[in-house]
Amino acid sequence: MRTTVDRSTFDIVVVGGGAAGLRAAIAAVEADPGVRVGVVSKVYPMRSHTVSAEGGTAAVLKDYDNFDLHCFDTIKGSDYLADQDAVEFFVRKCPEEIIRLEHWGCPWSRDPDGRIAQRAFGGMSVKRTVFAADKVGFHILHTLFQTTMKYDRIERLDEWFVTSLVLEGHAVSGVIAMDLKRGELARIGAKAVLLATGGCGRVYEFTTNGFIKTGDGMALAYRAGVALKDMEFVQFHPTALPGTGILITEAARGEGGYLVNKDGERFLKRYVPEKMELGPRDILSRSIMSEIREGRSFKGPYGDFVGLDLRHLGEETIDRKLPMVRELAEQYVGIDPVREIIPVRPGQHYIMGGVHTNANGETSLPGLYAIGETACVSINGANRLGSNSLSECLVFGAAAGRSAAAYAKKRGWPQGPAGKEAARSEEARIFDGLLGREGGSETVAGLRVEMQQLMEQHVGIYRDDARLREVCGILAKLRGRFASIRVGDKDRVFNTELTAVLELDFMLDVALTIAHSALSRHESRGAHSRTDFPKRDDERFLKHTLASRSDAAPRIDSVPVTITRWQPAARAY
Amino acid sequence: MAEREVVFRVKRYRPERDAAPTYQDYRIPYTDDMVVLDGLNYIKDKMDSTLTFRWSCRMGICGSCGASVNGKLRLTCGTFIKDVRSKTVVVDPMPNFPILKDLVVDFDDFLQKLLEVKPFILRDEERPLSEGEYLQTPEEIEAYRQQSMCINCMLCYSACPVFGASEHFIGPAASALAYRYIRDSRDEGADARLDVLSTKTGIWECTFVGECSVVCPKDVDPAAAIQNLKVIASIRHMRQLLLPKSAPR
């Protein structure tokens, strides 16, 4: 793998260097010995947020498990909004991806006989989650990143920020990207473009996500006329550390940890008696909110919280299976989980919605693909089960990589003037407009925090019509104020203030699709909980929401959910 | 939480306007639960948007935010301001790397070194996926687990006097990752890696100062990995001298 660009055109450009993007890059070069792939990432790939995933990745590997059961758990977990053909495709592909990672060196934790071990996870009926202690994302990412170095047809453009897609006729023909080290814009031609930029957690104030999770790929697709699907479904993880939002993995409960209120009571017996701590995330997060509302939570400087009690697991188990939990709790809240209860509260973690794709990652725009958290296939429906998302990155990354390689083989090189024209217009927008503008009263940090607080307070775990309408209005005003943002750093080289402005620009688009999609769904399903419509309404809303770019507010349409063998039923645990 | 004040003295270097790096002081309020990275973000968001540094996960796993804090090499997301125990927190970019801007340094050289040690499983024959996983006992994982924890934060290169004197030295993290693969029971690529590690810019340059292991935030212990590699390389060399016909593995 080289680190410089010796040609400005690739067969395939992958935007993003996390699990989905790197898996796609490898699949593409393995599928076709003639394909050259450029991985364009705004950070060195090993900094991608995959690195922070902790608990595990799901696959049917053992005799006690079967594909139908993984399908059913996923579909029930999705509150019946997942497309069942896509789920079946996914579930059948998970095992080979786990084995492939193993062959590439991923240090999966093992049973004493040397076979890959599996642990329990929320919403999964059996031990199905493959793990590498509790640094699963870290090991997957580094294994994939190091494995890409085997292939000299994968070239990296590290610390390049993609600002827009280039379209030629009705097909994608490349990207415009900024080389952050030089502070220059470049056009990178491509027959196919894969968006793998992760989610958009940073539109919220309290999130487990890293700073780089700004919805770039979602906004790039949306601006190119591709719909975003099911954006109202935002996952709030039950156990984030108050203050920082740092994730405490679900594996802590998978290994037997308890959630307790201030009276030391395992309160989940009132909400999910059959599953207790292994209930799905949407229900657990609402249960915690109920405990808080009813005054049975602890009070702290960062608001109310409940406790995650691991003490009964013992030091040996904690150190062997949950070393990162101990490390994070000790370092960031000064608590040793061997002896004390960890303070936790729900925080934004994942978005089920994303770029509308099929199981090959294809979008409505020829040549454009989306994978991983950026995409919505949909296998996660209204609520994702923990440990399905890393598998999703691997399965759909591989599928889209192969699919894009086949597509690229049939396509000629981009030839028209579209790339040059797009580069000129991006120069004008970014360097003359944002960077060159004098005056301006708004700051990126100021607008960003306003948007984050707004989303946190009004488009959080609970929503209602009045507050959603208000948010849509305020977001439109923030978009207006964005036009008078001032960039204080006028330099070209590594201008992180300028990239933050471009990221905020993306996030404002994404936030608007979340708010409008939430406003349009008059029911409660999975993670979308409307206090004014507290029941699921299959008659009117067993369908996916599509948000497409339009003049002012996004246009909202819908497409049907694919139901094959599992008829919608009441979702009780 | 009680709020106090501290001065952040941050090394600034903006290549488009500065001939040489200089320090700039910022007086900021802080609480006991703030890390140095929070202080830098406070400055960037509220005082000086031109201050430039890398960060992302803020939980010690992405490896982006290394710096020198009062002379100690640290991840800024894992260093509490109160623990610096000084009225002035001096933040410098990581030594031994070219500065791109302020605290941002250029790591491209490391990625080339990582590539050279072939950081992936090498085998003569790959097992088909249909035959399932390679068995690996918990003990076999233990053989390479510690070195597999490297987050590529590069603090070890900043601490290494040999790398400081000669940028060509293969260095601690790349050596540790080479060792990680050599000790993996699934791998057969030891010879290919030892050829790279045994050159005049390889492991024999290491004078066992051990600072790399002191500063490592993930306890990877690259110094021990390099010493073990020296043993492995010596045995291989002796074997080649004494048993010249033995085919390299």
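1. Helices (H or I, at least four residues) and strands (E, at least two) are DSSP runs, numbered from the N terminus. This is a predicted model, in which local features need pLDDT of at least 70, side-chain atom pairs count only at pLDDT 80 or more, and totals for chains, interfaces and linings use all residues. Residues are numbered from 1 along each chain as its sequence is written, and chains are lettered from A and ligands numbered from 1 in the order in which they are written.

2. A:Glu159 occupies the loop between β6 (154–158) and β7 (160–167) of chain A. Although A:Glu159 is not a glycine, its phi is positive, at about 60°. The residue A:Glu159 is buried, with 24 other C-beta atoms within 10 Å. A residue counts as buried if 20 or more other C-beta atoms lie within 10 Å of its own, as exposed if 12 or fewer do, and as partly exposed in between, with C-beta atoms placed from the backbone.

3. A:Ala133, in the loop between β5 (129–130) and α4 (136–148) of chain A, has a positive phi near 50° and is likewise not a glycine. A:Ala133 is buried, having 23 other C-beta atoms within 10 Å.

4. The peptide bond joining A:Val377 and A:Ser378 is cis, with omega about 15°. A:Ser378 belongs to the loop between β18 (375–376) and α10 (388–410) of chain A.

5. Helix α2 (residues 67–77) of chain A has several buried residues, among them A:His70, A:Cys71 and A:Asp73. Just after α2(A), A:Asp79 adopts a positive phi of about 55°.
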